[in-house]
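Please read the points in order.

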There are 2 protein chains.
Amino acid sequence: MSLNNYRARVNGCLDAHLSQSSALNENMRYSVLASGKRFRPILTYTAASVFGVDLSQADSCACAVELIHIYSLIHDDLPAMDDDDMRHNQPANHMKFGVGQAILAGDALQALAFDVLTNNDTIKAETRVTLVRQLSNAAFAMAEGQSIDLSIVSKNVEIDLLYSMHRKKTGALLQCAVMLGALLKPDLSHEDRAILTSFSEGIGLAYQVQDDVLDVSTSDAVLGKRQNSDADKDKPTFPSILGMDESIKIYQSLYEKACEDISQLSVDEASLRGLTEKLMSRTY
Amino acid sequence: MSLNNYRARVNGCLDAHLSQSSALNENMRYSVLASGKRFRPILTYTAASVFGVDLSQADSCACAVELIHIYSLIHDDLPAMDDDDMRHNQPANHMKFGVGQAILAGDALQALAFDVLTNNDTIKAETRVTLVRQLSNAAFAMAEGQSIDLSIVSKNVEIDLLYSMHRKKTGALLQCAVMLGALLKPDLSHEDRAILTSFSEGIGLAYQVQDDVLDVSTSDAVLGKRQNSDADKDKPTFPSILGMDESIKIYQSLYEKACEDISQLSVDEASLRGLTEKLMSRTY
């Protein structure tokens, strides 16, 4: 299945989950149904399909991980956090609805993610419990990562701290996106699980290092947000500490290592490899 | 078991859940381990004990519901929300750690609640899925209720909207606290479940109407926060619309009706009735 099909699929599911009347409905829909890249749901669907899992079982995982991602963007953009006014080529949530309502929309989306994740009775209860634990751990790590990010603005930091922060802030949820899809296969072997853990940790970290690079090299219109926002905020990044060339080498070799990892899987990994290559060559 | 024993029990469990090193650890512990009343965990333990559930099974539910409650207090106190500077007789979280880190501590606590809730392997997976759905629905309703609350500042509203808001903002989580404890009994009858649903909805609503009254009648020191904060913010409340006497009658009759409800339970409801009477006579 093509990435566009996956994107359309998750968009339809997200729309359905946000169809009920709610005080926060317009607010949540504004951010959730904006033109996000949907890389996380696409990872979930692809990991599920590699293991022959029916996509109707993967829908709840794909939506849940995207809902967590969108809530984190709403909160990260707030004036007290990264203070970004644009997201997905439209005003940030708080610019449209005010800071208080933006905080609440994010809060509600996190709760909704756990509701959606557990609301598929065709998935065994044991599996759903495992999925909740994966997602809650990733969401927790994400908040920790953002906390570190906030605390190091205008500071000189060691590259090791940046590695650790990127793993938590962005890596944990991307890793979770892959693992949720794969864990839907109830008898996933220990070997395949270990391979996917290494693979998904690698691409999660690579993705954020690449984000640091793209923030320098890509225009506002293509990013859908402000270019050079890290430098403008005096945030330490991979390019600011190691330079652009070295940073590009790092994320490329992480993606390449991830592709090597999955060549050991017990199933045909072609679609997961193809997606990883697409991520490596993304420009926004 | 006495309320103080339940309080000590949940405090010990919460402390243990926040013992791991984390960027947000000091921040989360500051609010979670402050001198909260722990009414929600006490409700959970009491409901569980009425049905003969071992308290070791109720710990995860008691903690999860309190973690959601504390996260909501941190976010509600923010300048863009209720802008309260004191909570539990100490500076509000954002006064101590800054707005950005306070938002993140709340976010992390919500994620932690779902982790804690599912991290007890002695509870059947089917039951844990039910618990997650109850808690996620309550947490979602709570955010909706706060959204309505923010939106009606300085407005004239009908009492029906206030009923609906109180049910969501405060009632849903108090109801959830009771239901989580009771649902730990795997073969809870439909009749008992329906009775508890009505009971917990009643005390949830009563509790918030009573909060409106106490905000007018109780001093800062006893409340642990500012007296008259609702009136100072020009928030419509039960006393501002219906007057103090009528508001007191409403919450008292809601508590009395709740006590009638549970007299129909198939088990000895004495401890739940005793707790309800304690809630009715609380002064903070």
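1. A salt bridge is counted here when a side-chain nitrogen of Lys or Arg lies within 4 Å of a carboxyl oxygen of Asp or Glu. Over all chains, a search of the whole structure finds 32 salt bridges. One of them joins the side chains of A:R9 and A:D59, at 2.7 Å from N to O. This pair links distant parts of the chain, 50 residues apart: A:R9 belongs to helix 1 (residues 3–17) of chain A and A:D59 to helix 4 of chain A.

2. The model is predicted: local features need pLDDT of at least 70 and side-chain atom pairs count only at pLDDT 80 or more, whereas totals for chains, interfaces and linings use all residues; side-chain values use heavy atoms, with hydrogens and water left out. Residues are numbered from 1 along each chain as its sequence is written, and chains are lettered from A and ligands numbered from 1 in the order in which they are written.

3. Contact means heavy atoms within 4.5 Å.

4. Helices (H or I, at least four residues) are DSSP runs, numbered from the N terminus. Helix 4 (residues 55–76) and helix 7 (residues 125–151) of chain A have axes that come within 11 Å and cross at roughly 15° (axes are lines fitted to C-alpha atoms over the stretch in contact, and angles run from 0 to 180 degrees between N-to-C directions). The two helices are therefore roughly parallel to each other, a word used for angles under 35 degrees. Residues in this contact include A:C61 and A:I68 of helix 4 of chain A and A:L131 and A:M142 of helix 7 of chain A.

5. Helix 4 of chain A also packs with helix 6 (residues 99–118) of chain A, at an angle of about 165° and with the axes 8 Å apart. That makes the pair roughly antiparallel, the term for angles over 145 degrees. Among the residues making the contact are A:L67 and A:I74 of helix 4 of chain A and A:L109 and A:F114 of helix 6 of chain A.

Notes. Angles under 35 degrees count as roughly parallel, over 145 as roughly antiparallel, 65 to 115 as roughly perpendicular and the rest as oblique.
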